[in-house]
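Welcome! Please take a look at the structure shown here, then work through the exercises that follow. Each one comes with a worked solution.

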Amino acid sequence: MKQILVPTDFSECAENATNFAVQSAKILPAKVTLLYSFELNDNMYTDYIGVNREFNQTMLHGAKEKLAQLKKSIKEADGLFIDTFISKDSLQDAITRYLEEKKVELIIMGTLGRSGIKEKLWGSRTAATIGKSEIPVMAIPHDYVWKKPQKILFATDQFEKSPAILDFIFELAGLYMARVQVAVFTDEDDDKAGTFLDHKRKIFEYGEFLKERYNEGTLTSSHLYGENFEETLQTFIKENNIDLLLMVTYPHKFWNRIFNPSKTKRMSYHTKIPLLTIPATMSDKK
């Protein structure tokens, strides 16, 4: 792990993610960069009379001051030197541009908060970043208190065997000195008597494959099923004291299933522990 990017809007939601990144950077170790972006107001008439120009300069000056204060407080409290980056583009364009210029291995952002509209807006931006990012994104719950991950749950329905994806998972677990558990989930409708045993056999074989490949003698594998995936998963997380949930995001199928706006419990918004998402497209780059 070389570089972690942390987009921020200086909200409590984003600050919590910043703290998680800082604490993680001391363990991994990694360089942390705080990114702040705002879209410039653009109107020919108001630009002519100087209103937009003055507003934009005020915004830019305020952002620089806040980043400088954050940088100083982190250095004093944690002894960590961080970089800062300001963009005049939209958040997604700013992230894309930064990733083109720098080699970043991980993005860490805050998730939906319930204390105000600013946090709600920032939470939706996190979900949008997860959907578009070509590198792993970690979403930190609004009220989560930092804890070094000791148990990581890798939840999948694809029996993922891509070296690029699996290497990232187990290398990160090794850096955190955390134990990995694997949970394979299927729909209840698919779990008829004839297919249930087949699922159990495949899950056992997948667990053995991971144990052998990554020398993980303590790795355990479980079968999760049912119509309400979110509820089943949350129950499993609570009962097994999981510290970090990890999923691979597959275009369309997986994303729509997990993060569909109609779902009562949307994982990116309501997870109580950090959620690390790895894009399936990572497997195409190795």
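**Exercise 1. Take Val22: which residues is it in contact with, leaving aside its neighbours within four places in sequence?**

Solution. Keep in mind throughout that this is a predicted model.

Step 1. Leave out the neighbours within four places in sequence; the contacts of Val22 are then Ile74, Asp78 and Leu80.

Step 2. Locate the residue: Val22 is part of helix 1.

Step 3. Decide whether Val22 is buried. Its relative accessibility is 2%, and buried means under 20%, so Val22 counts as buried.

Step 4. Ile4 is 18 residues from Val22 in sequence, and the two are 9.3 Å apart in space, C-alpha to C-alpha.

**Exercise 2. In what order do the ten strands of the open sheet lie, and which strands are its edges?**

Solution. Step 1. Read across the open sheet: the order of its ten strands is 3-2-1-4-5-10-9-6-7-8, and the pairing is mixed.

Step 1. Find the edges. Strand 3 (83–87) and strand 8 (220–225) each pair on one side only, and these are the edge strands.

Step 2. Strand 2 (residues 31–37) pairs with strand 3 in the parallel sense, over five bridges. Here Ser37 stands opposite Ser87 in strand 3.

Step 3. Now find the helix that packs on the sheet and touches strand 2. Helix 1 (residues 12–27) does this, and it also touches strand 1 (3–7), strand 4 (106–110) and strand 5 (137–140). The direction of helix 1 makes about 140 degrees with that of strand 4.

**Exercise 3. How many bridges join strand 6 to strand 7, and how many residues of strand 6 are buried?**

Solution. Step 1. Six bridges join strand 6 to strand 7, and the two run parallel. In this pairing, Leu153 is found opposite Gln181 in strand 7.

Step 1. Check the cover on strand 6: it is mostly covered, with five of its six residues buried.

Step 2. Look for a helix lying across these strands. Helix 8 (residues 229–239) lies across strand 6 (151–156), strand 7 (179–186), strand 8 and strand 9 (244–249). It runs at about 145 degrees to strand 8.

**Exercise 4. Is the aromatic pair of Phe85 and Tyr98 stacked or edge-to-face, and what is the pair of Phe170 and Tyr214?**

Solution. Step 1. The count of aromatic pairs comes to seven.

Step 1. For Phe85 and Tyr98, the centres are 5.0 Å apart and the angle between the planes is 65 degrees, which makes the pair edge-to-face.

Step 2. Phe85 is in strand 3 and Tyr98 is in helix 4 (residues 91–101), 13 residues apart.

Step 3. Compare their cover. Phe85 counts as partly exposed because its relative accessibility is 23%, while Tyr98, at 4%, counts as buried.

Step 4. Turn to Phe170 and Tyr214. Their ring centres are 4.3 Å apart and their planes are at 10 degrees, so this pair is stacked. Phe170 belongs to helix 6 (residues 163–176) and Tyr214 to helix 7 (residues 193–214), so the pair ties together parts that are 44 residues apart in sequence.

Step 5. Check the cover again: Phe170 is buried at 7% relative accessibility, and Tyr214 is buried with a relative accessible area of 16%.

Step 6. Two further finds involve rings. Phe20, Tyr144 and Trp146 form one aromatic cluster. Lys161 lies over the face of Phe209, at 4.7 Å from the ring centre.

**Exercise 5. Is Thr129 buried or exposed?**

Solution. Step 1. Find Thr129 in helix 5 (residues 117–132).

Step 1. Its relative accessibility is 1%, so Thr129 counts as buried.

Step 2. List its contacts, leaving aside neighbours within four places in sequence: Gln92, Ile95, Ile107, Met109 and Val137.

**Exercise 6. How many helices and strands does the protein have, and what share of its residues is buried?**

Solution. Step 1. The protein has ten helices and ten strands.

Step 1. Of its 286 residues, 50% are buried.

Step 2. Among contacts with a separation of 6 or more, 80% are between residues 24 or more positions apart.

Step 3. The protein exposes about 14700 Å², and carbon and sulfur atoms supply 51% of that.

How values were computed
Residues numbered from 1 in each chain as written. Predicted model: local features only at pLDDT ≥ 70, side-chain atom pairs only at ≥ 80, totals over all residues. Heavy atoms only, no water. Pairing = 2+ DSSP bridges. Helix = DSSP H or I, 4+ residues; strand = E, 2+ residues; numbered from the N terminus. Contact = heavy atoms within 4.5 Å. Axes fitted to C-alpha atoms, helices over the stretch in contact; angles between N-to-C directions. Buried < 20%, exposed > 50% of the residue type's maximum accessible area, 1.4 Å probe, protein only. Phe/Tyr/Trp six-rings, centres within 6.5 Å; stacked < 30°, edge-to-face > 60°. Lys NZ or Arg CZ within 6 Å of the ring centre and 35° of its normal. Areas by Shrake-Rupley, 256 points an atom, 1.4 Å probe, with all protein chains shown as cover.
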